[in-house]
Amino acid sequence: MAVERTFSIIKPDAVAKGAIGSVISKLESGGLRVVASRMVQLTEKQAREFYAVHKERPFYDSLVAFVTEGPVVVQVLEGPDAIAKNREIMGATNPEEAAPGTIRAELGTNIERNAVHGSDAPETAATEIAFFFPAAELATLS
């Protein structure tokens with residue numbers, strides 16, 4: 001298994017629930033290490049740019065409104081097959097379909113207010129990481 005990096009957001013709903021620590025604990029227990037982390041309040045412009053891939057979708061405006069309603073925690077995770085592992089720990093996008101014990105099953109409310117975001121491919125991870133973190137801010141853990 002290759003060690004890789006992925007990008008993660010703890011969304012406003014999970015932050016508002018005081019679940020930052022429990023989300024990070026699940027990620028770390030699953031074999032991922034946090035190599036960069038910061039709490040931010042996204043502007044509408046930042047959210048629209050970050051989620052531009054979805055701009056033609058009917059949920060785009062409500063997604064932008066949701067992620068800007070409160071602070072989020074953006075982070076870079078590292079570990080063997082980090083992208084797949086993070087997606088497994090997060091659970092299905094729709095919390096109603098997420099496996100028991102996953103972040104979304106425990107903290108998500110619906111398909112949009114689903115507690116976390118995670119990169120879906122190496123190229124996406126690289127783009128999303130660079131959006132929030134200059135290379136100099138990424139720790140090297142070995």
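Which residue in β4 is the bridge partner of Ser8? The partner of Ser8 is Gly118.

## Basis of the report

This is a predicted model, in which local features need pLDDT of at least 70, side-chain atom pairs count only at pLDDT 80 or more, and totals for chains, interfaces and linings use all residues. Residues are numbered from 1 along each chain as its sequence is written, and side-chain values use heavy atoms, with hydrogens and water left out.

## The sheet

An open sheet is built from four strands in the order β2-β3-β1-β4, with antiparallel pairing. The edges are taken by β2 (33-40) and β4 (116-118); each has a single partner strand, so one side of each lacks a neighbour in the sheet. On average, neighbouring strands are turned by 20° against each other, direction ignored. Strands (E, at least two residues) and helices (H or I, at least four) are DSSP runs, numbered from the N terminus. Two strands pair if DSSP finds at least two bridges between them.

Strand β1 (residues 3-10) and β4 run antiparallel and are joined by three bridges.

## Helices across the sheet

Helix α5 (residues 82-90) lies across β1, β3 (72-80) and β4, at about 35° to β1. Helix α7 (residues 122-132) lies across β1, β2, β3 and β4, and runs at about 55° to β1. Contact here means heavy atoms within 4.5 Å. The axes are lines fitted to C-alpha atoms, for helices over the stretch in contact, and angles run from 0 to 180 degrees between N-to-C directions.

## Aromatic pairs

A search of the whole structure gives six aromatic pairs. Rings of Phe, Tyr and Trp (its six-membered ring) pair if their centres lie within 6.5 Å; planes under 30 degrees apart count as stacked, over 60 as edge-to-face and the rest as tilted. In one of the pairs, the ring centres of Phe7 and Phe50 are 5.7 Å apart and the planes stand at 55°, so this pair is tilted. Phe7 in strand β1 and Phe50 in helix α3 (residues 44-50) are 43 residues apart, and their pair links distant parts of the chain. Phe7 is buried, with a relative accessible area of 0%, and Phe50 is buried at 10%; buried means under 20% relative accessible area, exposed over 50%, and partly exposed in between (1.4 Å probe, protein chains only).

Phe7 also forms a stacked pair with Phe132, at 5.3 Å centre to centre and 5° between the planes. This pair too links distant parts of the chain, with Phe132 in helix α7, 125 residues apart from Phe7. Phe132 is buried, as is Phe7. One aromatic cluster is formed by Phe7, Phe50, Tyr51, Phe131 and Phe132.
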